[in-house]
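Work through the exercises below with the model open beside you. Try each task before reading its solution.

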Amino acid sequence: MVTKKKDWPNFNWNSDLYKMFFELGLKNLIHRSGVLSYITPRFYLLNKEDSSMREYFLKKTRILSLALCNPFESAVTENVISILRYGEPSTEIATFTHSATKGIFEQVYPVNVSYCLNNRLYEIVLNTNPRVISILDRMKTNSRLTLGDCITSKRG
């Protein structure tokens, strides 16, 4: 049996099947005190089309941690381990990156949730230290142009 995205019209986040699993897991599978954890491509953290999904995560769940990794050697995409549950959103999201040479996860700069909630697309930017966020905020406040006015980019 083949399953197609169009067969699931009630799912809002169905541009990729893994997003449907997030929605199904959060809305139908876990108990309100349960924890959901998936290894997925990390694209949902920044993709424009996924802003409603990120908004839901940031406002309706507590994102316990995000860990960058590549557990599948044959996979070309960069992955993230997302661990979340229902509950009061925290002010920061713990973030980790996998060190292949050491074989461990190392904690890096936490994500500031208010920064994510205050950007237009609810982007969750990993590995950005508070100094860089401060510079970006000043650029946003003191500029008449946006970066999108100056360049085009698919990713990055």
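**Exercise 1.** Find what stands opposite Leu66 in strand 4.

*Solution.* Step one: take the partner. Leu66 stands opposite Thr95 in strand 4. Step two: place the strands, which are DSSP runs of E of at least two residues, numbered from the N terminus; helices are runs of H or I of at least four. Strand 2 covers residues 61–69 and strand 4 covers residues 92–99. They run parallel, joined by 4 bridges; two strands pair if DSSP finds at least two bridges between them. Step three: list the contacts of Leu66, meaning heavy atoms within 4.5 Å. Leaving aside neighbours within four places in sequence, these include Tyr44, Val80, Thr95, Phe96 and Ile124.

The model is predicted: local features need pLDDT of at least 70, side-chain atom pairs count only at pLDDT 80 or more, and totals for chains, interfaces and linings use all residues. Residues are numbered from 1 along each chain as its sequence is written, and side-chain values use heavy atoms, with hydrogens and water left out.

**Exercise 2.** Give the strand order of the open sheet and name its edge strands.

*Solution.* The 5 strands have the order 1-3-2-4-5, with mixed pairing. The edges are strand 1 (35–41) and strand 5 (104–112), each pairing on one side only. From one strand to the next, the twist averages 20°. Axes here are lines fitted to C-alpha atoms, for helices over the stretch in contact, and angles run from 0 to 180 degrees between N-to-C directions.

**Exercise 3.** Describe the aromatic pair of Phe22 and Tyr38.

*Solution.* Start with the cut-offs. Rings of Phe, Tyr and Trp (its six-membered ring) pair if their centres lie within 6.5 Å; planes under 30 degrees apart are stacked, over 60 edge-to-face, the rest tilted. The structure holds 4 such pairs. Phe22 and Tyr38 are edge-to-face, 5.1 Å centre to centre, with 85° between the planes. Phe22 lies in helix 1 (residues 17–29) and Tyr38 in strand 1, 16 residues apart.

**Exercise 4.** Is Phe22 buried or exposed?

*Solution.* Buried means under 20% relative accessible area, exposed over 50%, partly exposed in between (1.4 Å probe, protein chains only). Phe22 has 0% relative accessibility, so Phe22 counts as buried.
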